[in-house]
Amino acid sequence: MKEAVNNRAIKKKSSKVLTLFLLLALLVTIFLLSVLNTIHSDRRIPSEHATLHDRSLRGSIISADGYTLSYSQKTYQAVVRGASIKPEKRALFIKFFSIYSGISIEDVREKFTDKKGRPVTGNIILSKELNAKSAMQLKELAYKLRKLDVFQWVENSNGVKVLYGLDVIENGESRRFPLKDVLSPTVGYVGDRQEGRYIRPQGKKGLERQYEEHITSKKNGYFQGKRDVIGTVIHDKNSMKIKRIDGLDLHLNIPLALQRRIEIMLDAMKTQIDAEEIIVGVMKSETGELLTLASSERFDPSHITQKDIPALNPKFAEYPYEAGSVLKPLTLSVALKNGVITPTTRINTENGRMKIGRFTIRDDHKYESLDAAGIIIHSSNIGSSKISWRLTGKQFREGLLAFGVAKPSGIDLSRDLPGKLKPLYLLNHELHRASTSYGYGMHITFAQLLKAYSAFNNGGTAMTPRIVSYLEDAKGNRYTLDPEVPDLPAIDPKTSQVVHDILVRVVEEGTGTKAQFPGLEIGGKTGTAHIAKKGRYLREYHSSFYGFANDKEGNKYTIGVLVIKAKKYRKYFASQSAVPTFRNIVEILVDQNYLKPDVKESEEIETNELLYQLEEEEPALPETPAPKRETLSDDTAAPDSGDKPQRSIRELFELKEKPKPKPKPIPKPKPIPVQKPAPKPKPVQKINLEELDQQLF
């Protein structure tokens, strides 16, 4: 019994010894691992090697004449620890920081106290948006402040005393738009994208969004090597450098000099006719290169405010609308293409009034009959309807699709809406085919119409509008991208020439006479259409003019103008708003040497001819009372009175125009000095703001 007790006591002691041994072994192991970790860590002492990071930047957007519209630069933040500044030298620190950073003394001083007025002892971010120049100056200041003994030792949470100073740290990349609202909303705007603590810009709209994949930064660079006693990286054979790869630069087809002149003109026109917005485009008919894409509603992408929100979306390809009479040349083209009509075919236009079931279509001008050309020149709804009836629903629909109707235009913007065309089962009915033939009951965008009209000035090919000419890397290599939507063989060359000549006659003897310019070939079609909202047509209008301007030296341009909601009395007619705007554009193209009028034909033009001015506002006439609005349904066709708008679905109103007074000359605004267009250099020269002020503004 006694022996058993002794054995148990021995076993118990053995267990305790074993446990103690294992615990001791564990502690020794932990100690050794800690020592090993300490050996391999930098232990908060300067490392033998150092790495300098060089983060890549987003590419720039550059105009055809070499002006930088958008670029990126690195940003830095300045941080100081409140407790690290000696109290008696805080005022000195604040004064010097204000001088070097350009931030007011009051703003800097506020950073050192909290909301309750107590001194801040922790980290204080003095600025988050310093540029490279300011950052270099502040780094120099940090060194000088140490020499002036401004900072004191501070004990950290680990009980270690540390001498903090003024730290300037790279914290991101910012997007700059030096020309403010110029070429907006086409250029677009950006938002912020977080990469850890680093902030990069990200495209949200326009070219910034469309070309995000190509202009965004590609690869960061760095330099790595041994460091000397003061921390400077030593450049020797053992050092290693990886060069950064920036995003590609976008080079546009649009020259800034031309763009800015047209934008200034649009601002003046908007005021004259009290329009909500005017948008225009000028495109080379044979290539699709856009020389101008401008709007009267612009914004500064660097400082977007609440009132800018409606202007953020580029309406060029994001605003489908019922086009009205500008669609009639497309209807005629489809009929000519299918051989169901000839230019001399006469159509009974019913003396300006025709009933389709319970719906009546009326023309503003009463003719017993018109030939195909006359239907376009006098903008007959009845004639256009009867032309469409000679086609089957399938022929008509496929003909419009061939022009790019109800398809994305392919313009290189962030959003390209397709619009809307009635389905075949509806277009098989005469009523729906009729209303579509003169631009109602369907939706089309500005870019689609500009593309379609280029076919009348380019042998039948509808050219895809292109804003960007090429992309370029840091080495000067250039890259081009094929358009997402190709050019369209809309009609044959013979049909194109026939319609081309008819559109010239529209300007010579029809609704577009105010677009004439001696010495140039001008053609086009007007359109004034009601705006529909919630199934009802309002007394608000879209006024448009799409056409072309050519000279005898081979310069050929397709030009489009869309006026949204002109409010001044009678200025909503396309002939009173869109056509004068078109004429002003032609004047600017001539002045900028893009078009060269024939000398013999243009001798009558005075040397210093004023830009076309709208007539003085006519005395107010009693307005026709607005008839009751009627809901638009699939059983009713929308009205159009050629180029004069109607005020109801079923009944057209008639306005007798007063004799127009002669335009009163007004002083010509001071001319803006601009550069003449020149061949694109390689690489494109980027011009600074001082040069821009001298040469453009």
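This is a predicted model: local features need pLDDT of at least 70, side-chain atom pairs count only at pLDDT 80 or more; totals for chains, interfaces and linings use all residues.
1. Helix 12 itself covers residues 393-402, and its buried residues are G393, F396, G399, L400, L401 and A402. These pack against several helices, namely helix 9 (328-337), helix 11 (381-389), helix 13 (424-427) and helix 14 (430-437), and also against strand 22 (488-489).

2. Helix 4 is worth a look for its geometry. Its 16 residues, 132-147, span 23 Å from the first C-alpha to the last, close to the 22 Å expected at 1.5 Å a residue.

3. Now for how helix 4 sits in the model. S134, A135, L138, L141, A142 and L145 are buried. Viewed down the helix axis, the buried residues of helix 4 fall within an arc of 115°, so they line one face. An α-helix has 3.6 residues a turn, so residues three or four places apart point the same way. On the other side of helix 4, you will find K133, M136, Y143 and K147 exposed.

4. As for the cover over that buried face, strand 3 (68-81), helix 2 (90-101), strand 4 (123-130) and strand 7 (167-176) are among the elements that lie over the buried residues of helix 4.

5. Finally, a surface point. L24, V28, F31, L32 and V35 make a nonpolar patch of about 470 Å². One of them, V28, belongs to helix 1 (residues 2-40). V28 counts as partly exposed because its relative accessibility is 42%, which lies between the 20% and 50% cut-offs.

How values were computed
Residues are numbered from 1 along each chain as its sequence is written. Side-chain values use heavy atoms; hydrogens and water are left out. Patches are made of residues with over 30% relative accessible area and no salt bridge: like charges are joined within 9 Å, nonpolar side chains (Val, Leu, Ile, Met, Phe, Trp, Tyr) within 5 Å. Accessible areas come from the Shrake-Rupley method with a 1.4 Å probe; for residues, only the protein chains shown count as cover. A salt bridge is a side-chain nitrogen of Lys or Arg within 4 Å of a carboxyl oxygen of Asp or Glu. Helices (H or I, at least four residues) and strands (E, at least two) are DSSP runs, numbered from the N terminus. Buried means under 20% relative accessible area, exposed over 50%, partly exposed in between (1.4 Å probe, protein chains only). Contact means heavy atoms within 4.5 Å. The expected span of a helix is 1.5 Å times one less than its number of residues. The arc is that of the directions from the helix axis to the C-beta atoms.
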